[in-house]
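Subject: Structure handover

Hello,

Please find the structure below, followed by notes on what was found in it. The terms are defined where they come up.

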Amino acid sequence: METSLFQSFFLIFSGAAIVASLALFGRQPLLVAYIALGILLGPSGAGVINNVSLLADMSNVGIIFLLFLLGLDMQPQALLSVLRKATFVGLISCAIFLGLGFAIGQLFGFTRIESWVIGMAMMFSSTIIGIKLLPTTVLHHKHLGELMVGLLLFQDFVAITCLMILLSGSTGEVDLAQLGLSFAALPLLVGCAWVVVKYVLLPLFTRFDRFHEYVFLLALGWCMGLAELAEVLGLSREIGAFIAGITLATSPISQYIALSLKPLRDFFLILFFFSIGAQFHLDMLPRIALPALVTAAAVLLVKPAVFRYLLGNQSEHTVLAWDIGFRLGQISEFSLLIAFLSFNQKLIGIEASHLIQATAILTFLVSSYIVVLNFPNPIAIKDHLRRD
């Protein structure tokens, strides 16, 4: 029998409360507990939750809220200045990781197309891991937070390009016209968002700010509306949500909106990490264990070193460069999307798809441990590292 939505929520959140308690007593990161719970309760484990695809679709809302809240914490002038520096580092690092992933794919006998897809998956770092473990009130308005956000946003643009290329893979041709139209739509979307905020949203917030439910509803509608408009224009919902947030960032009400939406964001992010574990097929593990371990080790070792070197050449301090390198030392939720999409387009086989998924899970877990145990973050086990 298929698990009802309420039963799934009961199992996920009651189970998450239990494993989170055990994780905290054992001084372990909570993200690890959520992924482990997904593996335990999902189809490959106990099999008590079988509507994983529905939960995964719902969990993507958490990423949208995460980017919206991130935009609320950023000032537009600071973002533009840091994007200029992030572009150089982003281009070089993406090229290095693409080549590294292709080489690993060829080493383990994957086809050329599969190797290129593995390389694409290695180019990106996780927005969720990076931002979730970044102290919000301490570093978001400092250089480290701004530079990380610039790098992650640049990677988002590269990821969108990769997804468009993969979507055209079934025909064997890249739709350059559609690609150009999508990126040309970006400044138009920003301009329209700024006009709507200035002449519609801010007057509404000012007039009805005493009705807290209305403020919450209007902010939620703005986030979702611009996210969907960005998707229609060929960008991504994540970029639309970020633009929705940053256009509101200079308003006096932005921090109230951020505080109101954080519990909703956390609800969907728990679903996201649960669905990562639940969607993994354990029976594939013997076939991809060695390639996954090698790929994950390459990501965990090479990414911090590459970012350290590139940022060091950009006159960043050594400590800051290593800090950013380790925070970005994993692959991304975009990598999982690339794996699923490429498999559905029949560009890669099931082994290559699960290799990317296993690498994502391993690097999510290990990099979370590295950051939680060694760098300032909101969920640090050590008291002197805990920053909110």
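Helices (H or I, at least four residues) and strands (E, at least two) are taken as DSSP runs and numbered from the N terminus. Lys-303 sits in helix 13, which covers residues 285-313. This is a predicted model, in which local features need pLDDT of at least 70 and side-chain atom pairs count only at pLDDT 80 or more, while totals for chains, interfaces and linings use all residues. Residues are numbered from 1 along each chain as its sequence is written, and side-chain values use heavy atoms, with hydrogens and water left out.

The chain as a whole

The chain has 16 helices and 0 strands. Of its 388 residues, 53% count as buried; buried means under 20% relative accessible area, exposed means over 50%, and partly exposed lies in between (1.4 Å probe, protein chains only). The accessible surface comes to about 16,800 Å², and carbon and sulfur atoms make up 69% of that surface. Areas were computed by the Shrake-Rupley method with a 1.4 Å probe, and for residues only the protein chains shown count as cover. A contact means heavy atoms within 4.5 Å. Among the contacts in the chain with a separation of 6 or more, 78% are between residues 24 or more positions apart.

Lys-303

Lys-303 counts as buried because its relative accessibility is 1%.

Helix 5 (residues 112-122) is mostly covered, with 8 of its 11 residues buried.

Gly-71

Gly-71 lies in helix 3 (residues 52-72). With a relative accessible area of 0%, Gly-71 is buried. The C-alpha atoms of Gly-71 and Gly-245 are 4.1 Å apart in space, although the two residues are 174 residues apart in sequence. Not counting residues up to four places away in sequence, Gly-71 touches Phe-242, Gly-245, Ile-246 and Ala-249.

Salt bridges

A salt bridge is a side-chain nitrogen of Lys or Arg within 4 Å of a carboxyl oxygen of Asp or Glu. The structure holds 5 of them. Which residues are linked in a network of salt bridges? They are Glu-228, Glu-231 and Arg-237. Arg-237 meets Glu-228 at 3.0 Å, N to O, and meets Glu-231 at 3.9 Å, N to O.

Another salt bridge joins Asp-266 and Arg-265, with the closest N and O atoms 3.0 Å apart. Asp-266 counts as partly exposed because its relative accessibility is 26%, whereas Arg-265 is buried, with a relative accessible area of 12%.

Surface patch

Trp-194, Val-195, Val-196, Tyr-199 and Val-200 make a nonpolar surface patch of about 470 Å². Patches are made of residues with over 30% relative accessible area and no salt bridge; like charges are joined within 9 Å, and nonpolar side chains (Val, Leu, Ile, Met, Phe, Trp, Tyr) within 5 Å. Trp-194 is found in helix 9 (residues 176-208). At 47% relative accessibility, Trp-194 counts as partly exposed.

Cysteines

A disulfide is a covalent bond between the sulfur atoms of two cysteines. In this model a disulfide is taken as a pair of cysteine sulfur atoms within 2.5 Å, and by this rule the count comes to 0. Cys-94 is buried, with a relative accessible area of 5%, and Cys-223 is buried too, at 0% relative accessibility.

Regards
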